[in-house]
Amino acid sequence: MQVIDAFLKEKAGYCVHFASTMALMARELEIPSRLVTGYAPGTPTGVEITGQEGSKLKEFTVSARNAHAWPELYFPAVGWVGFEPTPGRGVPPAYAPALPAPTATAPEDPRLDNPRSTSKDSSASESPSSTAAVGPGSGSDAGSPMPGMLCVLLVLLVAGALPWTLRRVQRATRLRRMREVTGTECGAAAAWAELIALGIDNSCPMRHNESAGDYTRRLSRTHPLASEPLLVLARAYERMRYSPNPQNTDPEALAAALDEVKQHFSEKFGPGERLGRALWPRSLFAPRPLAPVGYVPSD
């Protein structure tokens, strides 16, 4: 019960957490339930084999990574019915509604786009009005337009530096909380929250259907030089969340792993792109968790 209670508060976990929680909730409603363990569909090989009675069967490669758990509920006159509560895993039942297909014109998520063009448009629309207010003919006391332009420039500089400052404060707060053992988002949880933010800032957001291990394995494929620090962060987070006797990981090791991951993330961008992402960190404006539309499609 403690594991399920923690899972409902965290709202993230593995298939066994989703399946066992649904089975227990069904029993609370006096619906017979059971937990089934097996394998999700693996990778198709493209080969067809002949089964019993001459039926054609497609061949799949299944490994331990396809191990899966799901609940079954019993309904009178129907029997045992399988359910798939784990997002993005297993096979949705036939009665589940189909997900809407993404349209070609729909953006991924406007909250994740770098709104540099919006800033340019707004500054362009403000400049003429500011110049007209101090230009010739505005009155007998009209003077040089320089003070007004300097004020506008100062406002733009402050507005541009504010997101960068807030992101720096947020990162420093998480690094401090990594050294704490009690409180919300402390220890390895603070390090994991900073990794999620780094992924959003560098266009590598965590998908809504990924576990900690799935996310870091995907990042290791796209950033192989960061695989070792990613493994340190994932193992520390999973030990804290799922181990019956969690042990605190050295905060210095977590901080070093985050620094190394940040360096490898930024290496794929040029100087101008790195500056733009630093001045406008996307993680500040992305909700927690991101809506499914904000995630890149599965491989």
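Me: Happy to look at this predicted model with you. Why is Phe 75 called partly exposed?
Reply: Its relative accessibility is 29%. Partly exposed covers what lies between under 20% for buried and over 50% for exposed, so Phe 75 gets that label.

Me: What makes the pair of Phe 75 and Phe 83 tilted?
Reply: The ring centres are 6.4 Å apart, with the planes at 55°. A pair needs centres within 6.5 Å, and stacked means under 30 degrees while edge-to-face means over 60, so tilted is the class for Phe 75 and Phe 83.

Me: How do you know whether Trp 192 and Tyr 237 are buried or exposed?
Reply: Relative accessibility is 7% for Trp 192 and 6% for Tyr 237. Buried means under 20%, so Trp 192 is buried, and so is Tyr 237.

Me: Which residues do ring pairs link into a cluster?
Reply: Trp 192, Tyr 215 and Tyr 237 are joined that way.

Me: What makes Arg 34 a charge over the ring of Trp 80?
Reply: Arg 34 lies over the face of Trp 80, 4.1 Å from the ring centre, and the distance limit is within 6 Å. Likewise, Arg 277 lies over the face of Phe 269, at 4.2 Å from the ring centre.

Terms used:
Residues are numbered from 1 along each chain as its sequence is written. This is a predicted model: local features need pLDDT of at least 70, side-chain atom pairs count only at pLDDT 80 or more; totals for chains, interfaces and linings use all residues. Side-chain values use heavy atoms; hydrogens and water are left out. Rings of Phe, Tyr and Trp (its six-membered ring) pair if their centres lie within 6.5 Å; planes under 30 degrees apart count as stacked, over 60 as edge-to-face and the rest as tilted. Buried means under 20% relative accessible area, exposed over 50%, partly exposed in between (1.4 Å probe, protein chains only). A charge sits over a ring if NZ of Lys or CZ of Arg is within 6 Å of the ring centre and within 35 degrees of the ring normal.
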